[in-house]
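Look at the sequence and the structure shown here. This report goes through the fold, the nonpolar core and the salt bridges.

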Amino acid sequence: MITVQLVVNLLLPALVIAGAALLVYVSRLRSSRALAQRELLRSRALFLDTQQIANIGSWEVDVRANKVTWSDETYRIMGFEPQSQAASVELLLKHVHPDDIAHVLQSMQEAGETERFEFAFRVVRPDGSIRHLLDRGIATVVDGALVYVRGTTQDITELKTVELAFGMATVQQMAVLDNLPDPIFLKDLNSRFVVANEPLAQIFGIPAKEMIGKTDLDFFSADQAARFAIDDRLVLESGERLIVESQTRNVLGAPIWIETTTNAYRDTAGQLAGIVGITRDVTVRHEAADSLRASARHYQLLFDRNPLPMWVFDSETLRFLTVNDAAVAHYGYDREQFLTMTIEDIRPPEAAGAFDDHRVSQTSELSDAGSFVHVTRDGRRIDAVVMVDAITMDGRDARLVLARDVTQERAARRALQVSEERYRTLFVESLAGNYVSSVDGTLLACNPTFARMMGYDSPVDACEHSTTNYYTDPAMRNEFLALVRKKKRLEMHEDALKRRDGSMLQILENVIGHFDQAGDLIEIHGFVIDVTERKRLEDELRHSQKLQAVGQLAGGIAHDFNNLLTAMKLHGEFILDEMLESDPHRADILEMQRAADRATMLTKQLLAFSRKQLLNPKVMSVNTVVDGMAPMVRRLIGEDVEVRIVLDPAAGCVLADAGQVEQVILNLAVNARDAMLHGGTFTIGSGIMVLDPARAGLADIPAGSYVSLTASDTGSGMSADVLAHIFEPFFTTKEQGKGTGLGLATVYGIVKQSGGHIWVNSAPGVGSSFEILLPRVNAMPAGAGVTPMAPRGTETILVVEDDLAVQALTRRLLERQGYTVIVANNGVEAILRVAENGEAIALVLTDVVMPSMSGGELATVLGETHPDLAVLFVSGYTDDVIVRRGLLVASASFLQKPFTAASLAKAVRNALDARPLAAMT
């Protein structure tokens, strides 16, 4: 990570040698900005939607700018329409409950004393309703002063109501609950636990207090939690008690049965407040019931000879002679009723006579009588498969019947057929890639989506290839199998697979392992989502944010060093003015001046990296610049490298800074030279390229006509890993001391600041090619102008500068030009000086960025009482950056540091002769 200390350590030797060249390095600059911007917009939309769904608002306070920002959800929580009025601390305090104002003020004061803070308070909405709010935030402190606070606001009124209504959070009440044998809990209207006793917590193996605020989804599977949520909603809507038995696992992982009794409860105002529940471990009861059912089945088998409905009827009268318990239970008649009925009574009217063959049959062998429709006592029709045997009972000719109800079986078979068809449809038509494979890698089945995802034409084609081909290293598949064996199922498992063509696929995968009775893994069912593009966007977004942060650092450093360079250059000018031409030290002073000039160029490079450089764009011919640079390029690149210039005469002109374009060409030439240690060819070319909206959108530049400047070499080339970092400041592949990593970062910054884009194509062993696009303009190149001498003056000037060294030098220069100078260290002093000297002051020369009051704010205050007072702003930042930050109006007079005596004199004279401040503000 690049730090300010590292920059100072690099530049300190140059400052010690009386202003020698300052080595400044540059920040990493963003790559693929367009995709990152779209991702940021989509993330912001998701963030705002999430706030509204969660009923949590956000806010920010810029202490220095005295600016407060609320999100739309914060306005709603406060009872206002979003953005209906300006957010402010005063607006908040106006609606804070009178009893909580002192607490809120104290909490605000303490916010700057700790990095994170949290406090609760009440507000009175415009409609008179009172809401309980919880504010959480993070404070940013710089040099001991609070400069920025951001946080969230959450409406916790319902939670407070529950706490007040039941008051079960006291130590005494919880002691009672914790000593009860049954687990007890309370949930709010959102099914969040608000009270949980220790017996309940022991089931889940966590402290009871850690359950508060969580839902069933934190302790159960998604399916089971969803069922509990449905039960909770049923209780809340019906208001009736609900008893549900469900199977889960205890803290040791063993399966247990629990019986949960839930009911709705209301607060003191009679409003529905949540759910109260008692949970009992009924595993023993279930085990006993299972044992009882097994015993009952044995008894029925011995007593009734079969658990299925059975009866004996008289073959002559068709009257029931006896029935087993299964028949009583299944048909709904008790035993006494059965004994008064005949076979015809359990058959529908249209089936009369179906048992005639059994009445006359004398067979002694068990036979299949076929399928019949029977009617139960409640009128329900069932499908029964009947087995009949001829017997003698109490001397009567009878028939023994075994009836098996196949109604549900047939319905289940039909449902299974429908389910299987639905499963096949979902499997085949799913947007996710679905597959089934064996442990050895055989692909048993997959849907078309998975086949396309892996680069195959069809599922049949995909199943002819092993899944082991998806892994670049066999060890990776072994690790995957080991993970499935260990966890049984994987959720949202990230992996990288290889397509048929060798390209890589980033996936999220849900995996279910199927095991045999011995516990061995036999099959793997996977559900795959392709997240390759999303991962690429995430990487680019992180990379862009990193470069942006370093760019801001570079810009700030350049601003600070501009103050130092101003003092160095002006002191040098003073010494030279007083020194004789024959003075032996004059050459040393001149060398110091040249070193300061080179240091100024380095600060400009820093500003170029952060896109804060002051450019002097003019209409210029790219071909002319290349022709002019050709001799220098040939000398720079060496005799063993052939330099070719291939220019398109129709390439046209661009609006750019000629010096910066020259810098781009030189840096690309140096990069090519270092890549061709054993000679080669370096080619510079120009041309025209017209971008359609699609390709222009990828480059984050407007569609239209561009001048193309290309630089290619036949050197060693770059790998994909190196290409991903080449525009980052200080990234270099050279050995220690052989390169700073500034060159290509400078190129990137200049091209982007000039409204263009740069593409790179390279591979190891085949060289590299850089293609730069700059907006093409239909105009003639601008001619060289003549800079007139700045006139002197006699007016009175107020200099406002917090850097005392720069202040003293500025005063000295202006007094040499004939002006009367008054100084002030800050904006407050400047207002006093203007009040003291009245109309005598003709111009205020002020730094823009100062403590307490900026130069722009000072100009606004003075403009109200002295509208004719001219103002000249000075800063180490460029004027466009200052305007974007809202510190200046775009039409203000501006002089960038470091400046010379001549540039200062000219800027002062121009400002005095320009329109008054009232016309600009």
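The sections below describe a predicted model.

## Overall fold

The protein contains 30 helices and 32 strands. It has 921 residues, and 43% of them count as buried. Among contacts with a separation of 6 or more, 56% are between residues 24 or more positions apart.

The exposed surface comes to about 48,400 Å², of which carbon and sulfur atoms supply 55%.

## Nonpolar core

In soluble globular proteins, nonpolar side chains tend to be buried together. In this model, the largest nonpolar core has 38 residues. Ile665, Phe682, Phe770 and Ile772 have the most contacts inside that core.

Leaving aside residues up to four places away in sequence, Ile665 touches Val625, Val626, Met629, Val633, Ile684 and Leu709.

## Salt bridges

There are 22 salt bridges in the structure. One of them joins Arg335 to Asp325, with the closest N and O atoms 2.6 Å apart. Arg335 is partly exposed, at 31% relative accessible area, and Asp325 is partly exposed at 26%.

Another salt bridge pairs Arg644 with Glu642, whose closest N and O atoms are 3.1 Å apart. Arg644 has a relative accessible area of 42%, and Glu642 has 40%. Asp674 and Arg673 also form a salt bridge, at 3.3 Å from N to O. Asp674 is partly exposed at 28%, as is Arg673 at 29%.

Definitions and conventions. Residues are numbered from 1 along each chain as its sequence is written. This is a predicted model: local features need pLDDT of at least 70, side-chain atom pairs count only at pLDDT 80 or more; totals for chains, interfaces and linings use all residues. Side-chain values use heavy atoms; hydrogens and water are left out. Helices (H or I, at least four residues) and strands (E, at least two) are DSSP runs, numbered from the N terminus. Buried means under 20% relative accessible area, exposed over 50%, partly exposed in between (1.4 Å probe, protein chains only). Contact means heavy atoms within 4.5 Å. Accessible areas come from the Shrake-Rupley method with a 1.4 Å probe; for residues, only the protein chains shown count as cover. A nonpolar core is a set of buried Ala, Val, Leu, Ile, Met, Phe, Trp, Tyr and Cys residues joined through side-chain atoms within 4.5 Å. A salt bridge is a side-chain nitrogen of Lys or Arg within 4 Å of a carboxyl oxygen of Asp or Glu.
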